[in-house]
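I opened my notebook to go through this structure piece by piece. These entries keep what I looked up, in the order in which I looked.

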Amino acid sequence: MLKEVNGSASINKSANINANINRRGEASAQRKASALREAGFYQGVPLGKKRITGRIAIPSGIRCARASAIARYFGIRSVGIITTKSISAQPKQGYREPLYYRYADNAYMNAVGLENPGARAFREELSQITIPEDKFLLVSLFGGDEASFLEAAEALADMADGFELNLSCPHAKGYGLQVGNDADLVARITGRIVRAFAGIPIFAKLSASIPDVAAIAELAVGQGAAGITITNTIGPGIAYLGGSPVLSNGVGGLSGEAIRPLGLKATADIRMRIGEGPLIIGMGGIFLAQHMEDYYRAGADFFGVGSALTNLSTEESADYLNGLQDDVQDDVQDDVVGGLPGGRRRATMPKAVDNMSYTACLVEGNTALTPSLHKIRLAPSPGGAGAGAGTCACDTAGRFFFLMLPGKGEKPFAMFSQEERSFVVKDVGFFTHELTQLSPGDTVYLRGPYGKGMPLYRDANINFVAGGTGISPVYEMARAYAKHNKLRFFFGVGTAGDLFDRHRFDALGETHVATEDGSLGRRGFVSELLRGFAFGDSPVFINAGPRAMIEACRAIEAEAASQDIWAAIEYQTSCGVGICGKCACEGGQLSCVDGPFFKL
C-alpha cells in the first residue's frame, strides 16, 4: 500500500513539473522574437524617471569599477544600463590575485572579494562624471543586514538612477548569497530600501542557485522592487593548479557558457511567478545574439553581457556590444561558424581568449642585483614554442605577463629580456618576496602576454625615460625600435646598484643616468636630466615608472614640442583581460587591454 501511495505521489509530482514546464513554454511563446527586430524596442525605453536607449546592461563587477570607465560606457549606443561595482557602507579590501580564471572555453571562475572604496568615497568619484539622460546608472549595494544596506544607499542616493541589491555573491562570507537565501531577510532589506527611497527603482539581484529563486523574487517584488536581476555568478566552485586552488580565495563564482542554462531557467521561473509587469535583467552566458533572443523568450527585458568582454579593448567592447544588438535587429546572415535554425547565422562572435592558460616554467637562475632587486630567468621548455611554453617566442615589446605561485598569488611583470627569458622583480611585498626566494629548478607559472604593445616608428628620434623597475620593459621595446630609429635612454634610480644591465642599453643608444644619492651620473631625479636637453626635431618620448615621475617629465617633454608622448603608469592590474576594471585610468581606458602605454 505504501509503495502505491509513493508511486502516486511521484506521478503527481512529475505531472506538476511537466505542467510548469508547459506553462513556461506558453509564457515564452507570448514573447515574440519579432519585437526584438524593432528599433523602438531599443529606444526610449521607460525606466524610473528616464527613457533610455539600449537593452544591453553592463553587470556589476564588469569593467566599470571606476567612474572614469563608467563614463566611457555611457557612450555605447547599445548599452542602456551600466551597473557599478557592488558598494558597501564602509571600504572593503578584496582578495589577492589570482581572482579571475578561465577553466574552459568561454567559461570562467572569479573571486574579487567585493573590494570597494566605501559608499562616501565612491560618491565623490561619481560626482566627477555626468550621467546622460538616456542612460541608466544602476548602483549596486551590498551589506549584511538592513542597516548596512541603508547606510550605503543614503550616501549614494543622489548619484543613482536606481539601486541593485546584491543578494547573490557566492563567495563572500556574511554577504550576497548568504543573505539571498534568507527569504525573510530579503523581504526586510528590499522593503526597507524601497520605502526609504521612493521613486528610485530597486532591483534585487538573485542567484539561479537559490532553490526556489522564483519565490524569493516574488517576495522582493511584493515589497516594491521594480525588478529582478538574475543571475549572479554561480557557486562557489573550485579549480586546482600545481596542487593548490587557482584563486587566492580558494573558491569563486562560475560565469560564462556553463551557467547559461541555469540563468535561462531561473529567468523563466521568475517571469512566470511575478507576471509581466516587473522588469528582469537577465544574464549569464550571453555571447551571441541568439542568447539574447533566448533570454528574451524566457522573460528578460534587458540583457547583461559580462564574461564575453574578456580580453576586449574598450573600443573592441563597444563594437562587440553594438554588434550583438545589430545582429538581433538585422537578422544578419554570415559565413561565420555557428548556424541557427532556419539557416540564419550571426556575425558577431566573442573574441578568442588564448592568453589565459598557465604554463609551468622552471627557474633557470635567480640573480640578486641588489638586496631587494632580483633578476629571475626562466628555462626554455623542451620542444616548446611560444610564450606559453616558456620560450617566449612572441612579440613582448610593450606588453606584460603574469607570474604566479600556487597558493601564494600572482602579479604582472614586463619581460626584461626575451633572449634570456628574464624578469626583474623588486621585493616590496608578500608575493614579490616569495618570487625573490626562488631557486633554480623551482616552478613558477606564466600566463600572457597582455597589452597592445607599441606603435610602429621609423626614422624617429626616440627617447626612453624610465625610473626604478620602470626600466624593465624598456630593453625589449628598444630592441624593436633600434634598427630604424635613433635611441636615447634617460634613467633615474636610487643608487648606482639599482641600474641593471646598463651595457645592453649602451649598445643601442646613448644612456644618461640620474641617481638620488649621486653615486652614478647626475645627482637628482630623471626629470632633471631632461631639462635643457637638445632633443632635435619631432622627438618621441616613451615614459615608464611611477606617476609622480611621469607627470614631472611630461611637463618638460611637452616643451620640446613633441606630438608623441607615451607613458605606462603603474596602475593596479589584477586580471589582465579587462574584466575587474581595477586598472582604469583617468580617461576611462583599462591599462591591461587598452595599454599599458598610452599617448598623453
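Predicted model: local features only at pLDDT ≥ 70, side-chain atom pairs only at ≥ 80, totals over all residues.

Residues are numbered from 1 along each chain as its sequence is written, and side-chain values use heavy atoms, with hydrogens and water left out.

**Entry on a hairpin.** I looked up strand 5 (residues 100-104) and strand 6 (residues 107-110), and found that they pair in the antiparallel sense over four bridges. Tyr-101 has Met-109 of strand 6 as its bridge partner. Two residues lie between the strands of this hairpin, and Asn-106 takes a positive phi near 55° there.

I then followed a closed barrel of eight strands, which runs 3-4-7-8-9-10-15-16 with parallel pairing. From one strand to the next the twist averages 25° (axes are lines fitted to C-alpha atoms, for helices over the stretch in contact, and angles run from 0 to 180 degrees between N-to-C directions). Strand 3 (residues 56-58) pairs with strand 16 (residues 302-304) in the parallel sense over two bridges, and Ile-56 has Phe-303 as its bridge partner in strand 16. I also saw that helix 9 (residues 260-274) lies across strand 10 (227-230) and strand 15 (279-283), and runs at about 170° to strand 15.

**Entry on helix 10.** How much of helix 10 is buried? I took buried to mean under 20% relative accessible area, exposed over 50%, and partly exposed in between (1.4 Å probe, protein chains only). Eight of the 10 residues of helix 10 (residues 289-298) are buried, so the rest of the structure largely encloses this helix. Among the buried ones I listed His-291, Met-292, Tyr-295 and Tyr-296. Gly-299 follows helix 10 and has a positive phi, near 135°.

**Entry on the cores.** A nonpolar core is a set of buried Ala, Val, Leu, Ile, Met, Phe, Trp, Tyr and Cys residues joined through side-chain atoms within 4.5 Å. The largest such core has 122 residues, and Phe-163, Ile-193 and Leu-321 have the most contacts inside it. Helix 5 (residues 146-156) gives the largest share of this core, six residues. Apart from it lies another core of 30 residues, which includes Ile-462 and Leu-499.

**Entry on Glu-420.** I found Glu-420 in the loop between strand 20 (409-413) and strand 21 (422-426), and Glu-420 is buried, with a relative accessible area of 16%. A polar contact is a pair of N or O atoms within 3.5 Å; within protein, one must be able to donate a hydrogen and the other to accept it, and residues adjacent in sequence count only if both atoms are side-chain atoms. The side chain of Glu-420 makes such contacts with the side chains of Lys-375 (3.0 Å) and Arg-504 (3.1 Å).

**Entry on cysteines.** A disulfide is a pair of cysteine sulfur atoms within 2.5 Å, and by this rule the count comes to zero. Cys-575 is in no disulfide, as the nearest cysteine sulfur, that of Cys-580, is 3.8 Å away. The sulfur of Cys-592 is 3.7 Å from the closest one, in Cys-583, which is too far for a bond.

How values were computed. Pairing = 2+ DSSP bridges. Contact = heavy atoms within 4.5 Å.
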